[in-house]
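Colleague: I would like to learn how to read a ligand site. Please take me through one.

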Amino acid sequence: MEVVILPGAHQIGVLAADAIEALVRRKPHAVLGLATGSSPLPIYDELARRHEAEGLDFSQAQGFSLDEYVGLEPGHPESYREVIRREFTDRVNIAPENVHGPNGAAPDLEAACQEYEDAIKAAGGVDLQILGVGTDGHIGFNEPGSSLASRTRIKTLIEQTRKDNARFFDSIDDVPHHVVTQGLGTIMDARHVLLVATGAQKAQAVRDFVEGPVAAICAASVLQLHPHATILVDEAAASSLKLADYYRHTYDNKPEWQGL
Ligand code: GLP
């Protein structure tokens, strides 16, 4: 796990976009794992800017979202399918048919989850997975207690997550209780995982998953077992890390050819 502490969200967006740009230039048909939430927005803004200003090309790329609410009507502006479309894929030239998400409106959710796993596999697996982290350490919607080996499935949100996400809805009563999410095992199959966390409200979760034990109570801690996990944090999100100085020293002295 590599922890990179940067001054703010803009610098995080630029560095993450560098890694994604390097990937799509090396492998134009790259498979990108896409995340919702506020944390990845600076990455999408920077990629959209590079597409617009520099012609960064996503025409052969594919995108797979992490998760989706269950029970929102199709086309609901806060459904993750719509959020990903609005915040990223409509702003670059990924073909709409190459953008996938778990289907939270399927009559048979279990079958839809299996189909989603199969679709990721058929695409060759995720090359680079963007992640945020919840205040309780969840990634995707893998709430505390999620099996570290889990695959795409239905989950029930804990109240804190519903509260955290209520800002996107008119009222907390509109936030669904159920979701479908890639499992931790699914996320661990991605070749490179890039997690972004900003703000003091994430400091405890960052401390727990980076430096605490690997345990289902903090789902993101499973990333300690990933061979290529990059954690991009701002100063506030890094403020509880014990080894912050070591991470800074390591990154400052990293040979440039290594990339992220
Ligand atoms: C939601 C999403 C997660 C995201 C989390 C944090 O729960 N399912 O993928 O990481 O929110 O969001 P934010 O980045 O807005 O804090």
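Colleague: Which pocket does the ligand take up?

Modeller: A pocket is an open set of points on a 1 Å grid over the protein atoms alone, where a 1.4 Å probe fits, with protein on both sides within 12 Å along at least five of seven lines. Here the space taken by the ligand is the largest pocket. The model is predicted: local features need pLDDT of at least 70, side-chain atom pairs need 80 or more, and totals for chains, interfaces and linings use all residues. Residues are numbered from 1 along each chain as its sequence is written, and side-chain values use heavy atoms, without hydrogens or water.

Colleague: How many residues surround the ligand?

Modeller: Count residues with a heavy atom within 4 Å. There are 14, and the closest are Ser38, Ser39, Asp67, Arg167 and Lys202. The shell holds three nonpolar, eight polar and three charged residues; Gly counts as polar, and Asp, Glu, Lys and Arg as charged.

Colleague: Which atom of Arg167 lies 2.8 Å from a ligand oxygen?

Modeller: Look for polar contacts, pairs of N or O atoms within 3.5 Å. For Arg167, a polar side-chain atom lies 2.8 Å from an oxygen atom of the ligand. Gly140 uses a backbone N or O atom, 3.1 Å from a ligand nitrogen. Val133 also places a backbone N or O atom 3.3 Å from a ligand oxygen.

How values were computed
Polar contact = N/O pair within 3.5 Å; in protein donor to acceptor, adjacent residues only side chain to side chain. 1 Å grid on protein atoms, 1.4 Å probe; cavity = no way out; pocket = protein on both sides within 12 Å on 5 of 7 lines; lining within 4 Å. Sits in = over half its atoms within 2 Å of the grid points.
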